[in-house]
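This report describes the fold and the pockets of a single model. Please keep the sequence and the structure in view while reading.

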Amino acid sequence: MNDGAIDEVDSAILYALQEDARNASSGDIAERTGTSDSTVRKRIQRLESEGVIKGYSASVDYQRSGYPLRMLLYCTASIPERGELIPDILDIDGVVSVQELVTGEQNLLVTVVGESDSDITPVAQALLDMGVTVADEVLVRTHETTPFGKFDAERHGDE
C-alpha cells in the first residue's frame with residue numbers, strides 16, 4: 001500500500017475504531033475482517049504513522065458535564081494567516097474545535113462550549129485580539145456523530 005490507498009481491510013478497521021475505539025480489540029476487528037490479529041495491529045500502526053488515524057479521543061457530552069452551551073462561531077481571518085492561527089485559537093479556554101473553511105466569506109468555524117454567554121464573550125474577544133472577526137454565532141442544541149459509512153463494507157461492499 002505505497003500509494004496511500006485505503007483498501008477494504010483498512011476501511012473495516014477504520015469503521016470499527018470509529019464505532020468504539022476503546023472496546024474494539026485487534027482480535028475482534030480481525031474476526032470482522034477475516035484477517036489475523038497481527039495483521040490488524042500492523043495495519044493500525046501503518047494507518048497511525050501515515051496520519052490516517054490522527055488519534056483517539058473520548059466523545060464528551062458537554063451538556064451532561066455541566067457545560068450546556070455549545071456555540072458555533074463563523075469567523076473571518078486573513079487568508080494567508082488563517083491556517084497559522086488555528087493552534088492559537090485552540091489554546092483559547094472554551095474552544096473545542098476549529099475548522100478551516102475554503103468557500104464563502106467566513107473561513108474559520110470555531111466551536112466553543114461553556115456554562116453561559118459569559119463564557120463565550122472572552123472567546124470572541126480573544127479572537128478579535130488575534131485579528132479574527134466573528135461574523136455569525138449559532139447556538140447548537142444537539143451534536144451527534146456516526147462512523148463514516150463508506151468504511152462499512154456491510155453497507156457499501158459492492159459499490
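The text below takes up the sheet, the helices against it, the annotated domain and the pockets.

This is a predicted model, in which local features need pLDDT of at least 70, side-chain atom pairs count only at pLDDT 80 or more, and totals for chains, interfaces and linings use all residues. Residues are numbered from 1 along each chain as its sequence is written, and side-chain values use heavy atoms, with hydrogens and water left out.

## Sheet and helices

Four strands form an open sheet in the order β2-β3-β1-β4, and their pairing is antiparallel. Strands (E, at least two residues) and helices (H or I, at least four residues) are DSSP runs numbered from the N terminus, and two strands pair if DSSP finds at least two bridges between them. Because β2 (95–100) and β4 (133–140) stand at the edges with a single partner strand each, one side of each is left without a neighbour in the sheet. From one strand to the next, the twist averages 20 degrees. Strands β1 (residues 69–76) and β3 (residues 108–114) run antiparallel and are joined by seven bridges; M71 has V112 of β3 as its bridge partner.

Helix α4 (residues 79–90) packs on this sheet, where it touches β2 and β3, and its direction makes about 170 degrees with that of β2. Helix α5 (residues 117–129) lies across β1, β2, β3 and β4 and runs at about 20 degrees to β1. Contact here means heavy atoms within 4.5 Å, while axes are lines fitted to C-alpha atoms, for helices over the stretch in contact, with angles from 0 to 180 degrees between N-to-C directions.

## Annotated domain

An unreviewed UniProt entry places the feature "domain: HTH asnC-type" at residues 6–68; such annotations may be inferred rather than shown by experiment. Over residues 6–68 the chain is 54% helix and 0% strand, with the end C-alpha atoms 38 Å apart.

## Pockets

A pocket is an open set of points on a 1 Å grid where a 1.4 Å probe fits, with protein on both sides within 12 Å along at least five of seven lines, and lining residues have an atom within 4 Å of a point. A volume is the space filled by probe spheres set on the points.

| Largest | about 1,400 Å³ | 18 nonpolar, 12 polar, eight charged residues |

The largest pocket is lined by 38 residues, of which S57, A58, S59, V60 and T145 are the closest to its centre. The largest share of this lining, four residues, comes from α1. The lining of the second largest pocket includes E8, R32 and F151, and here too α1 supplies the largest share, four residues.

Terms used: Ala, Val, Leu, Ile, Met, Phe, Trp, Tyr, Cys and Pro count as nonpolar, Asp, Glu, Lys and Arg as charged, and the others, Gly among them, as polar.
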